[in-house]
Amino acid sequence: MRKLVIILTTLYFLSCNTQNQNGEQEKTELITQSDSNLTKQIDTVVIVKEPKQEIIYKIVTTNEDNSINLKDIKKLSEPLKALVALYAAFYGTNCDGTTCELTSALGLGNQGSDEHKNLIKKYFLSDRLADEVIIQDCYLAPSGARSFSEYGYLTIIDIGDSVKVNYTASVLFNHDGDGEKIIGKDTYIFKDNLYTNIQRIKDKSAY
(Lines give C-alpha, C1' and ligand atoms only; values in the text may rest on other atoms or scores of the structure.)
Protein backbone atom coordinates (compact mmCIF):
# COMPACT_ATOMS: atom_id res chain seq x y z
CA MET A 1 0.00 0.00 0.00
CA ARG A 2 2.81 2.34 0.89
CA LYS A 3 4.45 1.74 -2.52
CA LEU A 4 1.21 2.60 -4.27
CA VAL A 5 0.97 5.93 -2.42
CA ILE A 6 4.55 6.78 -3.39
CA ILE A 7 3.89 5.95 -7.05
CA LEU A 8 0.69 8.06 -7.14
CA THR A 9 2.45 10.98 -5.44
CA THR A 10 5.29 10.81 -7.95
CA LEU A 11 2.86 10.76 -10.89
CA TYR A 12 1.03 13.80 -9.42
CA PHE A 13 4.21 15.87 -9.18
CA LEU A 14 5.28 14.86 -12.70
CA SER A 15 1.87 15.93 -13.99
CA CYS A 16 2.09 19.29 -12.21
CA ASN A 17 5.59 19.87 -13.56
CA THR A 18 4.45 19.11 -17.13
CA GLN A 19 1.54 21.55 -16.78
CA ASN A 20 3.87 24.24 -15.47
CA GLN A 21 6.23 23.70 -18.41
CA ASN A 22 3.34 23.86 -20.86
CA GLY A 23 2.10 27.05 -19.18
CA GLU A 24 5.53 28.65 -19.40
CA GLN A 25 5.76 27.66 -23.07
CA GLU A 26 2.35 29.21 -23.77
CA LYS A 27 3.45 32.41 -22.01
CA THR A 28 6.67 32.47 -24.06
CA GLU A 29 4.73 32.01 -27.31
CA LEU A 30 2.29 34.74 -26.29
CA ILE A 31 5.11 37.18 -25.50
CA THR A 32 6.86 36.31 -28.76
CA GLN A 33 3.65 36.87 -30.71
CA SER A 34 3.07 40.18 -28.91
CA ASP A 35 6.62 41.34 -29.74
CA SER A 36 6.08 40.36 -33.38
CA ASN A 37 2.85 42.38 -33.56
CA LEU A 38 4.60 45.37 -31.99
CA THR A 39 7.39 45.12 -34.57
CA LYS A 40 4.83 45.08 -37.37
CA GLN A 41 3.16 48.15 -35.92
CA ILE A 42 6.50 49.96 -35.73
CA ASP A 43 7.32 48.98 -39.32
CA THR A 44 4.13 50.62 -40.56
CA VAL A 45 4.76 53.98 -38.87
CA VAL A 46 4.91 56.72 -41.52
CA ILE A 47 7.13 59.75 -40.87
CA VAL A 48 5.51 62.88 -42.30
CA LYS A 49 7.92 65.73 -43.04
CA GLU A 50 6.62 69.24 -42.60
CA PRO A 51 6.73 71.35 -45.78
CA LYS A 52 9.54 73.87 -45.86
CA GLN A 53 8.51 77.41 -45.10
CA GLU A 54 8.56 79.88 -47.99
CA ILE A 55 10.11 83.28 -47.41
CA ILE A 56 8.97 85.88 -49.94
CA TYR A 57 11.01 88.96 -50.84
CA LYS A 58 9.25 91.57 -52.95
CA ILE A 59 12.19 93.26 -54.65
CA VAL A 60 10.41 95.37 -57.28
CA THR A 61 6.79 96.01 -56.42
CA THR A 62 3.75 97.19 -58.34
CA ASN A 63 2.73 99.78 -55.75
CA GLU A 64 4.40 102.40 -57.93
CA ASP A 65 6.12 102.08 -61.29
CA ASN A 66 9.51 100.43 -60.74
CA SER A 67 9.25 100.81 -56.96
CA ILE A 68 12.32 99.31 -55.28
CA ASN A 69 11.51 97.67 -51.93
CA LEU A 70 14.51 98.60 -49.78
CA LYS A 71 12.97 96.97 -46.71
CA ASP A 72 13.08 93.47 -48.25
CA ILE A 73 16.39 94.06 -50.02
CA LYS A 74 18.07 94.69 -46.65
CA LYS A 75 16.90 91.25 -45.47
CA LEU A 76 18.69 89.38 -48.27
CA SER A 77 21.56 87.01 -47.48
CA GLU A 78 24.60 87.31 -49.74
CA PRO A 79 23.56 84.36 -51.97
CA LEU A 80 20.08 85.84 -52.45
CA LYS A 81 21.64 89.23 -53.07
CA ALA A 82 23.74 87.64 -55.82
CA LEU A 83 20.60 86.17 -57.37
CA VAL A 84 18.93 89.59 -57.40
CA ALA A 85 22.14 91.11 -58.81
CA LEU A 86 21.86 88.70 -61.75
CA TYR A 87 18.29 89.80 -62.44
CA ALA A 88 19.35 93.43 -62.08
CA ALA A 89 21.38 92.78 -65.24
CA PHE A 90 18.47 91.28 -67.21
CA TYR A 91 15.98 94.17 -67.26
CA GLY A 92 16.02 97.80 -66.24
CA THR A 93 14.98 99.73 -63.14
CA ASN A 94 15.17 103.42 -64.04
CA CYS A 95 18.61 103.10 -65.63
CA ASP A 96 20.42 106.22 -66.79
CA GLY A 97 23.30 104.66 -68.72
CA THR A 98 25.60 104.51 -65.68
CA THR A 99 23.40 103.38 -62.82
CA CYS A 100 20.21 101.37 -62.34
CA GLU A 101 18.10 101.76 -59.21
CA LEU A 102 18.07 98.06 -58.28
CA THR A 103 21.86 97.64 -58.56
CA SER A 104 22.36 100.80 -56.49
CA ALA A 105 19.87 99.56 -53.88
CA LEU A 106 21.90 96.35 -53.56
CA GLY A 107 24.91 98.47 -52.63
CA LEU A 108 26.87 97.43 -55.73
CA GLY A 109 27.55 100.88 -57.12
CA ASN A 110 27.29 101.53 -60.84
CA GLN A 111 25.65 99.10 -63.21
CA GLY A 112 28.26 96.51 -64.24
CA SER A 113 30.76 97.53 -61.57
CA ASP A 114 33.38 95.04 -60.43
CA GLU A 115 31.33 94.49 -57.26
CA HIS A 116 28.27 93.76 -59.38
CA LYS A 117 29.99 91.29 -61.69
CA ASN A 118 32.10 89.57 -59.02
CA LEU A 119 29.07 88.88 -56.86
CA ILE A 120 27.34 87.18 -59.79
CA LYS A 121 30.48 85.18 -60.66
CA LYS A 122 30.81 83.94 -57.09
CA TYR A 123 27.48 82.09 -57.12
CA PHE A 124 26.95 81.37 -60.84
CA LEU A 125 29.92 79.45 -62.23
CA SER A 126 28.18 77.63 -65.08
CA ASP A 127 25.12 79.67 -66.00
CA ARG A 128 24.98 80.70 -69.65
CA LEU A 129 22.90 83.83 -69.09
CA ALA A 130 25.10 84.92 -66.19
CA ASP A 131 28.17 84.56 -68.42
CA GLU A 132 26.51 86.62 -71.15
CA VAL A 133 25.56 89.58 -68.94
CA ILE A 134 29.02 89.63 -67.35
CA ILE A 135 30.68 89.77 -70.77
CA GLN A 136 28.41 92.73 -71.61
CA ASP A 137 29.30 94.44 -68.29
CA CYS A 138 25.64 94.08 -67.22
CA TYR A 139 24.80 97.00 -69.51
CA LEU A 140 21.18 98.15 -69.79
CA ALA A 141 19.94 100.98 -72.00
CA PRO A 142 18.74 104.14 -70.25
CA SER A 143 15.03 104.43 -69.52
CA GLY A 144 13.36 106.42 -72.29
CA ALA A 145 15.91 105.41 -74.91
CA ARG A 146 14.77 104.23 -78.33
CA SER A 147 14.91 100.69 -77.01
CA PHE A 148 14.93 99.84 -73.28
CA SER A 149 13.35 97.58 -70.65
CA GLU A 150 11.71 98.01 -67.24
CA TYR A 151 10.64 95.56 -64.56
CA GLY A 152 6.99 95.55 -63.57
CA TYR A 153 7.66 93.43 -60.50
CA LEU A 154 10.37 91.08 -59.25
CA THR A 155 9.77 88.58 -56.43
CA ILE A 156 12.14 86.06 -54.84
CA ILE A 157 10.69 83.02 -53.05
CA ASP A 158 13.23 81.26 -50.83
CA ILE A 159 12.41 77.61 -49.99
CA GLY A 160 15.74 76.67 -48.42
CA ASP A 161 17.49 74.44 -50.95
CA SER A 162 15.61 75.96 -53.88
CA VAL A 163 14.64 79.49 -54.93
CA LYS A 164 11.91 80.69 -57.27
CA VAL A 165 12.04 83.97 -59.17
CA ASN A 166 8.84 85.47 -60.55
CA TYR A 167 8.81 88.68 -62.57
CA THR A 168 7.25 90.75 -65.31
CA ALA A 169 9.12 93.13 -67.58
CA SER A 170 8.23 95.45 -70.43
CA VAL A 171 10.58 95.74 -73.39
CA LEU A 172 10.23 98.67 -75.80
CA PHE A 173 11.67 98.21 -79.28
CA ASN A 174 11.28 101.72 -80.71
CA HIS A 175 9.68 105.13 -80.18
CA ASP A 176 6.59 103.97 -82.09
CA GLY A 177 5.59 101.99 -79.02
CA ASP A 178 6.28 98.54 -80.40
CA GLY A 179 7.32 96.11 -77.73
CA GLU A 180 6.41 93.11 -75.64
CA LYS A 181 5.52 92.14 -72.10
CA ILE A 182 7.45 89.27 -70.54
CA ILE A 183 6.26 87.04 -67.70
CA GLY A 184 9.05 84.95 -66.19
CA LYS A 185 9.03 82.06 -63.73
CA ASP A 186 12.47 80.61 -62.94
CA THR A 187 13.64 78.02 -60.43
CA TYR A 188 17.12 77.43 -59.02
CA ILE A 189 18.69 74.82 -56.76
CA PHE A 190 21.17 76.19 -54.22
CA LYS A 191 23.82 73.59 -53.31
CA ASP A 192 27.48 73.81 -52.28
CA ASN A 193 27.17 77.60 -52.28
CA LEU A 194 26.29 77.69 -55.98
CA TYR A 195 23.09 78.26 -57.95
CA THR A 196 21.99 75.85 -60.68
CA ASN A 197 19.04 76.77 -62.86
CA ILE A 198 16.57 73.91 -63.32
CA GLN A 199 13.75 75.81 -65.01
CA ARG A 200 13.27 79.00 -67.00
CA ILE A 201 9.78 79.84 -68.23
CA LYS A 202 9.34 83.00 -70.25
CA ASP A 203 5.99 83.95 -71.80
CA LYS A 204 5.96 86.85 -74.23
CA SER A 205 3.07 88.87 -75.54
CA ALA A 206 3.17 91.85 -77.92
CA TYR A 207 1.79 95.26 -76.94
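**Overall fold**

The model is predicted. The protein comprises six helices and six strands. Read from the N terminus, its elements follow the order α-β-β-α-α-α-α-α-β-β-β-β. Of its 207 residues, 36% count as buried. The accessible surface amounts to about 13,500 Å², and carbon and sulfur atoms account for 52% of this area. Among contacts between residues at least 6 apart in sequence, 55% link residues at least 24 apart.

The buried residues of helix 3 are Pro79, Leu80, Ala82, Leu83, Val84, Ala85, Leu86 and Tyr87.

In soluble globular proteins, nonpolar side chains tend to be buried together. In this model, the largest nonpolar core holds 40 residues, and Ile59 and Tyr87 touch the most other members. Two or more residues of this core come from each of strand 1 (55-61), helix 3, helix 5 (114-123), helix 6 (128-135), strand 3 (148-158), strand 4 (162-172) and strand 5 (179-191). Helix 3 supplies the largest share of the core, with seven residues.

Tyr87 belongs both to the buried set of helix 3 and to the pair of core residues that touch the most other members. Leaving aside residues up to four places away in sequence, Tyr87 is in contact with Tyr151, Leu154, Val165, Tyr167, Asp186 and Tyr188. Of these partners, Tyr151 and Leu154 fall within the range of strand 3 (148-158), Val165 and Tyr167 within that of strand 4 (162-172), and Asp186 and Tyr188 within that of strand 5 (179-191).

**Antiparallel strand pairs**

Strand 5 pairs in the antiparallel sense with strand 4 and also with strand 6, which covers residues 194-206.

| Hairpin | Bridges | Residues between the strands | Residue with positive phi |
|---|---|---|---|
| Strand 4 and strand 5 | 11 bridges | six residues | Gly177, near 95 degrees |
| Strand 5 and strand 6 | 12 bridges | two residues | Asp192, near 55 degrees |

On the side of strand 6, Ile182 stands opposite Lys204.

**Cysteines**

The structure contains one disulfide. This bond joins Cys95 to Cys100, with an S to S distance of 1.9 Å. The link is right-handed, with 110 degrees about the S-S bond. Both partners lie below the 20% limit for burial: Cys95 counts as buried at 5% relative accessibility, and Cys100 is buried with a relative accessible area of 1%.

Methods
Residues numbered from 1 in each chain as written. Predicted model: local features only at pLDDT ≥ 70, side-chain atom pairs only at ≥ 80, totals over all residues. Heavy atoms only, no water. Disulfide = S-S within 2.5 Å. Buried < 20%, exposed > 50% of the residue type's maximum accessible area, 1.4 Å probe, protein only. Helix = DSSP H or I, 4+ residues; strand = E, 2+ residues; numbered from the N terminus. Core = buried A, V, L, I, M, F, W, Y, C linked by side-chain atoms within 4.5 Å. Contact = heavy atoms within 4.5 Å. Areas by Shrake-Rupley, 256 points an atom, 1.4 Å probe, with all protein chains shown as cover. Pairing = 2+ DSSP bridges.
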